[in-house]
Amino acid sequence: MGSVSARLTTCHSTRRLVGSAIPSNFSLMAEITKSYEARDVESKWYAAWQEAKCFAGRAAPGQETYTIVIPPPNVTGILHMGHVLNNTLQDALIRRARLEGKAACWIPGTDHAGIATQTMVEKHLKKSEGKTRHDLGRDEFLKRVWSWRQEKGDIILNQLRQLGCSCDWDRTHFTMDPGYSRSVLTAFVKLYEQGLIYRGKRMVNWCPASLTALSDEEVEMRPTKSLLYKLRYELVEPSTTKDAEGNTIPLTHLTVETTRPETIPADVALAVHPTDERYQHLIGKKVWRPLGERVQMPIVGDAAVDPVFAAGVLKVTPAHDKVDFEIGQRHHLPVIDCINANGSMNEFAGAELAGMDRFAARKKASELLKENGSLIEEKAYENNVGYSQRAGVPIEPRLTQQWWLKYPRVEEAKSVVRDGLIKMHPERWSKVYLNWLENIQDWCISRQLWWGHRIPVWYKKGLDRENLTPADLVDTTKIHVSLDGPADPQNWEQESDVLDTWASSWLWPFATQGWPDDSEMKKAGYGAFYPTTTLATGADIIFFWVARMIMAGLEFARPGAPVEQRIPFKHVYFNGIVRDKQGRKMSKTLGNSPDPLDLIAKYGADGVRFGLLQMAPLGQDVKFDEDRIEGGKNFCNKLWNATRFRQMSGEMSDNSSLSAILARIDASKLDDDDHALLGALLDTMRTLEHGFAEFEFASATQRLYSFFWNDFCDWYVEVAKARLQDPAAKAHVLAIQDLVIRQFLLLLEPFAPFITEELWHLLGYGAEKSFLQETRLETSDAFVAALAARGATIDVAAAQRVEKLKQFTSLARQLKADQSVASKRDVKFIALADATSWTFLEANASKITRLVGAATLERTSSEPALPAIVTAFGTLYLDTGVKVDAAAEKTRLTKELEQITKHIAGTEARLGNEAFTSKAPPAVLEGARKQLADQQAKRAELERLLKAL
């Protein structure tokens, strides 16, 4: 294990040595209790890990590093199943890195979540005091928000501790902390000075309840039952058109369909597709506005109009629709805004609607249109409407003065993914990412909130902010932009808006490491831990966060350095969404979201972690099933009971290191079962190496499960019981078990850290004052070399023989079960086998009868009228001592014959498919042909058995 001083690199405390953090009531190699008590084990070891600073990220000179930054949860958040999945994945990665000897650093923190937090505090203020934020004023309100943050802000981080997350908690950051805030404002000033940030009046998502612009991510599309209004817009000069038969008929009006008649007073034109033959001759003509001030409006031709939707005519309202705004810009149309910021109608809506709420105005508008003859029809209509995610009200497209960012380093951001410097897993997300960058638009970075990073812009007092020109925005006598503000603050007024929350979190990978303060960066180990290694997050924020972090890293981190030193991370793993069994997203409203803390209390943190990852294939959504979580708990119990059985099977010898255990193994005594077990362990090690490299966690956990439950417990432990009775073999068998358990605990630790730490010490695998994570996990190749150094080489043929024997015993058990004698142990098995097969069966007869539960296994040269099953070693008959029910046996064999016939058809189809045979490697083709031959032989034997009946 090395000296205590060597171990201090990973686990150390400034106050005491590592060893003193081992629980004082813990006895190394103590007796393993009858049952596993997860809660006691978890609280004990997490406290010990924290006291020993086991999760501290510190790199020795030249040491390979592995860094993860946590996707910062909202400071107001509480743990949900999505957090559990995402953070379990990260913890598995970071723990595996420690076992591989890397300097692992997992940086935690929380996001100030501007609109979410402000909305929550405002609701609390209204409920508890009956006040609004405006009653308090900005400074006092912000004091209340900080108080709320102090009270609630660490809840989710403490919940992550219960899950077992091994973050470096001393590095915890909050996006509104002073140092981080300075990073955010520094980035703003730098981008402004480069001309990448500007102020302009553009269309945004507007929340009438929160009175702020929203990002697309904060808008939730919901199916909404509405009304569709078919309207008549009278032509100023009547015209003609052609009917379906080509006849010329009079045309007095154009028909328009809309869901928003309350915005008609802000209409400035009608638009048709320029190639639409129905309306081409009307382009340039005019219509009367049917509501509000009666004015003439032009008909324009624009390719944005869908000629097949409704009548192919679009009303153009530039102030209240993004597409309309763009049409208006192209045709130099005026802009009329008839809705106030709070969703009420203003004077431009006309006297009949002014002052009304937008929805009441909609109803009133339809009545007015009906009265003046402009309403042709109204009908029920369901469409998707954007809602403010936090306030729960329909958003308004709104033209407002906002601060905008022209994204930096866009081309570099494309190339680092295209060239593989940043790899996305699953790879398909790379195409989605690149497509977004090809069509990128400027980012609205300002929000009309009080909670957040206040934009570091000051205006000269008395300046008309609504009519600033581009020249004004760079005139330092009118606009001041800096970190600390103007020298004469009495003559200036600071911008009231704050930055979009994403405009702070896009700096997360390097702002959490001290940027831009050189001394703080050095203290944080920026030189070693940046770029980070892996980002694990959800694909729903690939644009809002992942892409922006890539551009931010390329822009701000190590200017002038090669691109591979500036990227924020090397891998991005997109985990799926946790859904219920029906495939629905989990939500409080549906009542389908379990409380993770309840699950941890019921099944243990390790059970929750292991069970959840078994359900999480690469990048796919997870259909949550609590039975699988219970399966995780059962697996932990199986591990506990198996190690307890090992402890009860014989004296615990020197387990302090791999070499110490290997020294106890006698290579000359390795039998087929030993070879098979070691071969299966080696295969498991390689599966996990591949799984971690390719982020295939489900296959990794499933292989761990099948290896320990099937290969070790169900087979090796059972077959080894007889050898444990042999004094000459006992020490060797126990050493094999100790070796396998040791390696298995190291493999399992990233997924189930608590039970593995407990058993590591109870079985004496570590020094008295050390932790499991201080042990280096051998690679599969190093493990093979270590075995070879002791004269042990895994015999592949032996492993194959054991695999066939397992299949044979499984079929024998199946035959007993089919005859309803699974628990009887006095039955006889009779094998119709050739000489080679019988030699093998006879050599293993005692093992087979003990495992299957039978009195004898005998050979026959005849065909007895007994229940039978076809095996790789011939036909196996079962004598239960009871007369055979021929009809029932015939039914069973017929069913088995039907199944094998289907398998043969599938294999023949595959071998007859040129697309398969022309591309498959020779070994695969040979395997398929052998499989077909085996299937055909089995079918022939089944047909013979049926004929005999």
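Figure 1. Ala113 sits in the loop between strand 3 (109–110) and helix 4 (114–129). Helices here are DSSP runs of H or I with at least four residues, strands are E runs of at least two, and both are numbered from the N terminus. This is a predicted model, with local features needing pLDDT of at least 70 and side-chain atom pairs counting only at pLDDT 80 or more, while totals for chains, interfaces and linings use all residues. Residues are numbered from 1 along each chain as its sequence is written, and side-chain values use heavy atoms, leaving out hydrogens and water. Ala113 isn't a glycine, yet its phi is positive, near 45°. With a relative accessible area of 6%, Ala113 is buried (that's under 20% relative accessible area; exposed is over 50%, partly exposed is in between, using a 1.4 Å probe and protein chains only). Arg558 also has a positive phi without being a glycine, at about 50°. Look for Arg558 in the loop between helix 17 (542–556) and strand 23 (571–575).

Figure 2. Going from His425 to Pro426, the peptide bond is cis, with omega near -5°. Pro426 belongs to the loop between strand 15 (423–425) and helix 12 (428–438). Trp515 and Pro516 are joined by a cis peptide bond too, with omega about 5°. Pro516 lies in the loop that runs between helix 14 (508–511) and helix 15 (518–524).

**Figure 3. Helix 3 crossing helix 19.** The axes of helix 3 (residues 81–99) and helix 19 (residues 605–614) come within 10 Å and cross at roughly 95°. Axes are lines fitted to C-alpha atoms, for helices over the stretch in contact, and angles run from 0 to 180 degrees between N-to-C directions. That makes helix 3 and helix 19 roughly perpendicular (65 to 115 degrees; under 35 is roughly parallel, over 145 roughly antiparallel and the rest oblique). On the helix 3 side, the residues making contact are Met81, Val84, Leu85, Thr88, Leu89, Asp91, Ala92 and Arg95, and they meet Val608, Arg609, Leu612 and Leu613 in helix 19. Contact means heavy atoms within 4.5 Å. Sorted by class, this contact has 8 nonpolar, 1 polar and 3 charged residues. Nonpolar covers Ala, Val, Leu, Ile, Met, Phe, Trp, Tyr, Cys and Pro; charged covers Asp, Glu, Lys and Arg; the others, Gly among them, are polar.

**Figure 4. Helix 19 against helix 23.** Helix 19 also packs with helix 23 (residues 697–723), at an angle of about 115° and with the axes 7 Å apart. Phe610, Leu613 and Gln614 come from helix 19, meeting Phe697, Ala698, Thr701, Gln702, Leu704 and Tyr705 in helix 23. Here the tally is 6 nonpolar, 3 polar and no charged residues.

**Figure 5. Inside the largest nonpolar core.** A nonpolar core is a set of buried Ala, Val, Leu, Ile, Met, Phe, Trp, Tyr and Cys residues joined through side-chain atoms within 4.5 Å. Of the 177 residues in the largest one, Phe188, Trp403, Tyr433, Leu507, Ile550 and Phe751 touch the most other members. Helix 24 (residues 727–748) supplies the largest share of this core, 12 residues. Zooming in on Leu507, its contacts are Tyr180, Ser183, Val184, Ala187, Ala552 and Phe556, leaving aside residues up to four places away in sequence. A second, separate core has 38 residues, including Leu254, Ala271, Val272 and Cys338.

**Figure 6. Gln159, a buried glutamine.** Gln159 is part of helix 7 (residues 155–163). At 10% relative accessibility, Gln159 counts as buried. Apart from residues up to four places away in sequence, Gln159 touches Ile78, Leu79 and Leu597.

Figure 7. The disulfide count comes to 0, where a disulfide is a pair of cysteine sulfur atoms within 2.5 Å. Cys105 is in no disulfide, and its nearest cysteine sulfur, on Cys167, is 9.6 Å away. Cys105 is buried, at a relative accessible area of 0%. Cys444 is in no disulfide either, with the nearest cysteine sulfur, that of Cys207, 14 Å away. Cys444 is buried as well, at 11%.
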